[in-house]
Amino acid sequence: LATTLEQLAMTNSILSGVIPSEIGLLTKLSILTISFTKVSSSIPTTIGRLTRLNKLNLFQSTYEGTLPSEIGQLTNLRDLRIYNTFLSGMLISEIGQLTSLTTLSINSNSLNNQIPSEIGKLTELLYGLFHDNRFDGVLPSEIGLLTSVTSASFSRNLISGQIPSELGKLSAIRILAIHDNYLGGTLPTQIGKLSSFIDLDRNKLSGSIPFELNGSSLELSCDY
């Protein structure tokens, strides 16, 4: 019976302990939600066997350890939400294999290292939330390939370097938040092409506001 299960939701429960590796036997699952629980285990690698999943919700629980690379095998995923956990380590490059994703929420964890350039392969993405982690390094220029994204947040991380000019290619973006980081240098003129709200407050930007921003519909909060 368990192997024919198509949806499994465990939320707002007193569920604790670990997620058993046998979760990988539920190969018919299309939706898996384990949230608002006291589960304190790592995410088992066997989750990569659930290749029919189109929605995976693992949030508001005390998951620990790192993201297993096997998540990259879930190529039918359209909605991936793993937030408000104790997960650490880097964002796996295998995330770029999830090319059907429209929603990616991995905010409010302890993920670190640089956001991988493979993120640019998620060309169907509409919502990308990376805020409140410990990402460092530079913003990958490949973010400019996400031409369908309407809302993206990289705020409250440790991101440094300059703002990539490729952000000017985000033609569908409506909200872009990169505040509370360590971005430096000047604003690229290319972002003047965007009709969106961009929050760059509390960074280390310098120079003057580019002429291309004058009279545009861009709302800008930054350190000028």
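The model is predicted: local features need pLDDT of at least 70, side-chain atom pairs count only at pLDDT 80 or more, and totals for chains, interfaces and linings use all residues. Residues are numbered from 1 along each chain as its sequence is written, and side-chain values use heavy atoms, with hydrogens and water left out.

**Salt bridges**
- There are 4 salt bridges (a side-chain nitrogen of Lys or Arg within 4 Å of a carboxyl oxygen of Asp or Glu) in the structure.
- D79 pairs with R81, with 2.7 Å between the closest N and O atoms.
- D79 is buried (under 20% relative accessible area; exposed is over 50%, partly exposed in between, with a 1.4 Å probe and protein chains only) at 11%, while R81 is partly exposed at 28%.
- D132 and R156 form a salt bridge, their closest N and O atoms being 2.7 Å apart.
- These two residues lie 24 residues apart and link distant parts of the chain.
- R202 meets D180 in a salt bridge at 2.8 Å, N to O.
- R202 is partly exposed at 46% relative accessibility, and D180 is partly exposed at 24%.
- A network of salt bridges links D180, D201 and R202.

Definitions and conventions: Helices (H or I, at least four residues) and strands (E, at least two) are DSSP runs, numbered from the N terminus.
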